[in-house]
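Thanks for making time this morning.

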Amino acid sequence: MRFREGDRVRVRTDDRAGHIRTPAYIRGKSGWVAIAHGEFRNPESLAYGGEGLPKQPLYLVGFRQTDLWPRYSGPPTDTLYVDVYEHWLSPEGGSA
Amino acid sequence: MSQDHDHRDEHAPIRDGGHASPLARRARALEALLTEKGVLSTADIRSAIDTLVSRTPADGAKLVARAWVDPAFKVRLLADPKAAAAELGLDLTSYARLVVVENTDKVHHVVVCTLCSCYPRMLLGPPPAWYKSLDYRARTVADPRGVIREFGLELPPKVEVRVLDSTADMRYLVLPRRPLGTEHLSEADLGSLVTRDSMIGVSDPKPERTHV
């Protein structure tokens, strides 16, 4: 596992065809690792009959809603958490 | 219902569409092949479907009610949900990984799956149609307070609303807040207050059952 709980991360902006589990609305956004879930078979391979190997670490990543939606109408303390596989994350300096 | 019931509104007769979607046709072709080659019997398929749809929110409610009356159990439930469920006789070993999140007076969780319809079926049964709708999936991530308000719950600004978009291998179950004024209730009665929607996080349990 490359990241630890509390690490700042940024979601990659790659956009490619095929089965991916990283929703478009978080791509390019920065957040923090809330839970390191462990390793799972990679769904991007499983979806096409592959073995899903090597397994990919999965993290629950937190974001501030106001960082995701410029016109977010709720208070700035509201948050959103998404499960993201490690190969979709880049490190960012500092910790949450 | 009588044969000669009359509609006040005219509408076209309801008929079977007759043509299945490409995915449904593919599923039927696979099923036919698997049974033809003797990999599965139609009875196996029937029984797997029955197991899948036989779970109900009552299982989730049992966990919640126990957590409300037993603080040590709540700690175990949050730390290791499957082991805690096993204490109540619920065997979740063959299901996806599970995370239980606790609603408090500071944080309110709500669960959605924007990419498909991931849902803690093992404790809540099949998801309701609205959970799978594009409308719920698109709006809950961007305007959770608005969606929750439509379910009848107004959350004060000082409460952090925390959306969980479950897109991968984890399933999320919300442990709702115990309603005030329920100190006298037994664990079984508390369990009957716990609704499916409150374990998704779009509402809170009420102090009294609203249905009989």
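Predicted model: local features only at pLDDT ≥ 70, side-chain atom pairs only at ≥ 80, totals over all residues.

Let me begin with the pairing inside chain A, where β2(A) and β3(A) run antiparallel and are joined by 7 bridges.

If you want one position to look at on the screen, take Val82(A), whose bridge partner in β3(B) is Asp165(B).

That brings me to the interface as a whole. How much area do chain A and chain B bury between them? The computed figure is about 1800 Å², with 53% of it on carbon and sulfur atoms. In terms of residues, 24 from chain A are in contact with 22 from chain B. The count of salt bridges between the two chains is 1, and the side chains that meet in it are those of Asp78(A) and Arg145(B), at 2.7 Å from N to O. As for polar contacts across this interface, the rule finds 16 residue pairs, both partners being at pLDDT 80 or more.

Looking at the side of chain A that touches chain B, at least two residues come from each of β2 (30–40), β3 (56–64) and β4 (79–85). The largest share of that side, 6 residues, is supplied by β4(A). Sorted by class, the side of chain A that touches chain B has 13 nonpolar, 7 polar and 4 charged residues.

Finally, let me turn to one residue in chain B, Thr140(B), which lies in helix α8, residues 134–142. Is Thr140(B) buried or exposed? Thr140(B) counts as buried because its relative accessibility is 1%, and the cut-off for that label is under 20%. Its side chain reaches the backbone oxygen of Tyr136(B) at 2.7 Å. Once neighbours within four places in sequence are left aside, Thr140(B) is in contact with Val110(B), Val112(B), Val147(B) and Val163(B).

Technical notes
Residues numbered from 1 in each chain as written. Chains lettered and ligands numbered in written order. Heavy atoms only, no water. Helix = DSSP H or I, 4+ residues; strand = E, 2+ residues; numbered from the N terminus. Buried < 20%, exposed > 50% of the residue type's maximum accessible area, 1.4 Å probe, protein only. Polar contact = N/O pair within 3.5 Å; in protein donor to acceptor, adjacent residues only side chain to side chain. Contact = heavy atoms within 4.5 Å. Buried area = accessible area lost by both parts, 1.4 Å probe. Salt bridge = Lys/Arg side-chain N within 4 Å of Asp/Glu carboxyl O. Nonpolar A, V, L, I, M, F, W, Y, C, P; charged D, E, K, R; others polar. Pairing = 2+ DSSP bridges.
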